[in-house]
Amino acid sequence: MEIPVTCAVVFLLVFGGACCVDGHQEEASNADTSKGDAGQKRPPRATENKPSRCSYTFIVPQQKLTGALCVSTETARVNRSEMASLRALLDRQQEQLDTMRGQLEQEGAQANEMRVLRRESVNMNARITQLYAQLLNEIIQKKDQALEQRRLESLVLNATGERQHERPHHLEKKYDALTSLVSNQSQLITHLEKQCQLKNPTKAPQVITSVMYSVPLDQSAPLHQEQSPPELLETFDGLPSLPTDTPFTSYPVTKSPGSIKTPKGPWNDCHHVLESGEKTSGIYLLRPRNTNTLLQAWCDQSRAQGGWTVIQRRQDGSVNFFRTWEQYKQGFGNLDGEYWLGLEHLHWLTSQATYKLRVAMEDWQGRQAFAEYDSFQVEPESDWYRLRLGSYQGNAGDSLSWHNNKAFTTLDRDKDAYSGNCAHYQKGGWWYHMCAHSNLNGVWYRGGHYRSRYQDGVYWAELHGGSYSLKKVAMMIKPA
């Protein structure tokens, strides 16, 4: 409806404009003519009242316009190139809008992810703080336990030192008592000999022999030698009891040749005992070559052709092997049970010939294994009783070659390559390196696998590992 009205208005305006132009032209021509005839005559006045302009009357239907009315006197022309450029610009703006919308969505997702990460970071920091507090608490507890352990160890060392300090006084008293007893008996024998010579001058006097015997740690152990007569043993009833942890100290005991037979031995080692015809396992008196030292040891004549001198044995945990250097040097324990023969004795035994070592082991399931080395020697104390070991053979695995050429270490004399004292951590003297692949002098734990702060059991790493404490162990040597 708006388009016909617009066209009608435009038509009337154009047509009316043309009429007005014609009326003005006519009026101008009339004016020029009148100017030329002004001198002749004046025009009548009636001509001055003629209308000089056109008047129009438009009849436009009444309409209700709802929008702006645009009128253009020029014909609208459509430019296709401009339309194409506008469409391209519109497309580009639409693409930019889509791109910005996608970026906005990505940024929104990243913002959400950042919020989630911040929450997780806060939770993680709280957890780390909690764990750090727990760790700090555990460290403090471990330090307290370590301090308590050091205090207890110092108490044990002090008690051991006091005991060691008191022991020589007891030994000196016992030695003095035995010396006085021997002196009195010698005087009595001399007096009796003189009386016999006075009564029977033609009869030759009897010769009294003095035999050296080693008193074992366990007095109930069966010795393969004749015991003293009852009347002589009664003289020792009033003396203090003999020590229970130095079984290898020799005491002089006088014997009459008519009372007992002179015992066999001493032998160089248990192989010498076997060669002399003694095929029963037990305690024998030994004296290595090139020394006057007498000692007693258990001879195993039943295992692997016999002739083995047992230098160490563990079987029931009855003896504490967490000892000092001097105790490991001299030896300790029960000859018929758990004992350590002594480093000094090991040196003298292994220096008289080439010896081989056999380690017999048994676990808590009754399975037996052994490790044998074709050479075994212990250097003197000046070289810290250093271990010299040969080639391995056996079925238990080689857990001792790692300790070859290593010095012996005890709780009071640290000679290992570790920054600390391996004997302190593993609770026993051994030829430690850094620290051990084996330790047969550790704590005897019952049942096999044990739980301890340190690896301190009686273990052979190649046999069940370092956290398994063996039930029975015996170290023995004999000439190769």
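**View 1. The structure holds eleven salt bridges, a salt bridge being a side-chain nitrogen of Lys or Arg within 4 Å of a carboxyl oxygen of Asp or Glu.** Side chains of opposite charge can pair when their charged atoms come close. This is a predicted model, in which local features need pLDDT of at least 70 and side-chain atom pairs count only at pLDDT 80 or more, while totals for chains, interfaces and linings use all residues. Residues are numbered from 1 along each chain as its sequence is written, and side-chain values use heavy atoms, with hydrogens and water left out.

**View 2. Salt bridges link E379, D383, R386 and R388 in a network.** Within this group, D383 forms a salt bridge with R386, the closest N and O atoms being 3.2 Å apart. The side chain of D383 also meets that of R388 in a salt bridge, at 3.7 Å from N to O. D383 is partly exposed, with a relative accessible area of 22%, and R388 is partly exposed as well, with a value of 29%.

**View 3. D416 is buried yet has no salt bridge.** This residue is found in the loop between β11 (392-394) and α7 (422-426), and its nearest side chain of opposite charge, K415, is 10 Å away; in this count, Lys and Arg are positive and Asp and Glu negative, while His and the chain ends are not counted. The side chain of D416 does reach the backbone nitrogen of Y418 at 3.0 Å, and a polar atom of that side chain of D416 also lies 3.0 Å from the backbone nitrogen of C422. Leaving aside neighbours within four places in sequence, D416 is in contact (heavy atoms within 4.5 Å) with T409, N421, C422, Y432 and H433.

**View 4. Strand β14 pairs with both β5 and β8, two strands being paired if DSSP finds at least two bridges between them.** Five bridges join β5 (residues 308-314) to β14, and these two strands run antiparallel; the pairing of β8 (residues 355-362) with β14 is likewise antiparallel and extends over eight bridges. A474 in β14 is the bridge partner of R313, and A360 also stands opposite A474. Strand β14 (residues 472-479) is mostly covered, with six of its eight residues buried.

**View 5. Helix α6 is mostly covered.** Six of the eight residues of this helix (residues 343-350) are buried, namely L343, H345, L346, H347, L349 and T350. For the protein chain as a whole, 32% of the 480 residues count as buried, and the secondary structure comes to seven helices and 14 strands.

Definitions and conventions: Helices (H or I, at least four residues) and strands (E, at least two) are DSSP runs, numbered from the N terminus. Buried means under 20% relative accessible area, exposed over 50%, partly exposed in between (1.4 Å probe, protein chains only). A polar contact is a pair of N or O atoms within 3.5 Å; within protein, one must be able to donate a hydrogen and the other to accept it, and residues adjacent in sequence count only if both atoms are side-chain atoms.
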